[in-house]
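Dear colleague,

Please find the structure below, handed over for your review.

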Amino acid sequence: RGKMNIYSLLFAAAVTTQASTQAATVDGTGNPGEGFGECSSGNCEDGWGVKDYGEDYMYEGEFKGGEHHGVGIESMPEGIQYIGQFVDGTPNGYGTMRFPEQAGLPQRGYIGQWKDDWPHGCGRDSDNEGTFVEGAFTETADCSEHIASAERIIRDVLDRAGYDSDAFLSGDEGEPELTVEQLEEYMAGVREAIEEHKRKGEDDHVKEATQVLQDMQQQLDDLLAREGSRGSNAGDDVSVEELMDRIDQIREAIRMHEERGETEHVEGATQVLREMEAQLDELQRNGGGGNGGGYGDDDISIDELMDRIEQVRGAIQMHEERGETEHVEGATQVLREMEAQLDAMQRTGGGGGGGYGDD
């Protein structure tokens with residue numbers, strides 16, 4: 001259920017997060033207002049045209065009285081697109097919303113009937129087929145006729161705009177996976193959408209958006225676990241700073257799962273955390289990763305070594321707070337060795353060239 005609501009929620013989030021920068025190009029509803037934007041080709045008053053509203057927002061399709069009316073393609077921030085029918089500037093009729101960059105989400109997203117910007121009527125997403133009301137699945141139904149009608153309209157729009165409708169409708173456009181950074185950015189957008197729904201007292205939308213966020217958090221956990229596994233097999237490719245960032249993300253995920261009583265996820269994420277922490281200890285003992293240079297590497301500067309010392313001190317504090325005596329002892333030994341190296345470098349002039357006593 002969480003996945004199917006993400007399409008409208010992320011659209012709302014994109015509008016919310018860019019409200020300040022788009023104030024001059026939208027009418028307050030998230031849809032371009034009449035008279036805004038620049039018509040880059042065609043007839044953007046009464047006909048087929050392409051209009052650029054800035055901030056990654058563009059419409060290509062039919063216009064009536066300067067508004068999106070008929071069929072068209074509405075491209076929004078983060079690569080989100082709605083393709084289908086419009087009435088008076090908003091998605092109404094048959095259409096689909098898709099995300100070209102996705103992880104575990106279908107290429108087309110929801111396809112079927114729309115009403116006033118929301119999946120509403122008979123349609124299908126990755127998990128359900130049936131009746132949707134304001135973006136939420138309510139009951140199972142055979143929507144094959146409605147989906148076929150939507151596909152005909154989508155094909156006509158894409159062909160008219162010069163795109164490969166066969167590839168789009170067959171799902172052969174490729175499915176690049178989101179990075180951790182992209183997924184976290186989407187999650188931030190959903191969180192803002194949740195706060196917006198709370199301010200408006202829209203409890204149903206808050207509940208649905210929260211489910212979406214939980215699903216995305218699980219997706220993030222899986223992605224971090226895979227990256228952690230890859231990093232443990234190729235330690236030289238990850239820096240101490242990157243690994244510490246990932247460890248912080250895993251800790252946050254563990255706290256969330258604990259709050260929700262998800263014991264199985266807590267155990268899985270904890271195991272990932274232990275592996276990452278062991279990798280961090282190893283990296284710090286070997287001099288911070290990267291080119292594999294250890295503490296005695298003549299190419300390291302005093303500033304770099306001091307930064308690594310601060311990182312190890314932070315790791316020691318973390319292990320002390322969690323009562324991990326063995327890790328405290330190991331990291332403390334690493335710290336002593338690094339401090340001894342720092343003393344030696346400072347006495348001999350700073351390493352790697354001119355030092356403190358250099359005339």
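**Findings: surface charge, disulfides and backbone**

Glutamate 304 lies in helix H8. Please bear in mind that the model is a predicted one. With a relative accessibility of 40%, glutamate 304 is classed as partly exposed. This residue belongs to a patch of negative charge on the surface, where Glu304 gathers with Glu181, Glu241, Glu242, Asp245, Asp303 and Asp307. Two helices, H6 (240-259) and H8 (302-321), each contribute at least two residues to the negative patch.

How many disulfides does the structure hold? There are two. When the bonded cysteines of the chain are numbered in sequence order, they pair as 1-2, 3-4. As a reminder, a disulfide is a covalent bond between the sulfur atoms of two cysteines.

Because cysteine 122 sits in strand S8 (residues 118-124) and cysteine 143 in the loop between strand S10 (136-140) and helix H2 (144-161), the pair ties together parts that are 21 residues apart in sequence. Cysteine 122 counts as buried at 10% relative accessibility, and cysteine 143 counts as buried at 0%.

Most residues other than glycine have a negative phi. Aspartate 56, although not a glycine, has a positive phi of about 65°. Aspartate 56 is located in the loop between strand S2 (46-54) and strand S3 (57-64), and is exposed, with a relative accessible area of 61%. Aspartate 88 likewise has a positive phi, near 50°, and is a residue other than glycine. The loop that holds aspartate 88 runs between strand S5 (81-87) and strand S6 (90-98). Is aspartate 88 buried or exposed? With a relative accessible area of 51%, aspartate 88 is exposed, since exposed means over 50%.

With kind regards

Methods:
Residues are numbered from 1 along each chain as its sequence is written. This is a predicted model: local features need pLDDT of at least 70, side-chain atom pairs count only at pLDDT 80 or more; totals for chains, interfaces and linings use all residues. Side-chain values use heavy atoms; hydrogens and water are left out. Patches are made of residues with over 30% relative accessible area and no salt bridge: like charges are joined within 9 Å, nonpolar side chains (Val, Leu, Ile, Met, Phe, Trp, Tyr) within 5 Å. Accessible areas come from the Shrake-Rupley method with a 1.4 Å probe; for residues, only the protein chains shown count as cover. A salt bridge is a side-chain nitrogen of Lys or Arg within 4 Å of a carboxyl oxygen of Asp or Glu. Lys and Arg count as positive and Asp and Glu as negative; His and the chain ends are not counted. The place of a charge is taken as NZ of Lys, CZ of Arg, CG of Asp or CD of Glu. Helices (H or I, at least four residues) and strands (E, at least two) are DSSP runs, numbered from the N terminus. Buried means under 20% relative accessible area, exposed over 50%, partly exposed in between (1.4 Å probe, protein chains only). A disulfide is a pair of cysteine sulfur atoms within 2.5 Å.
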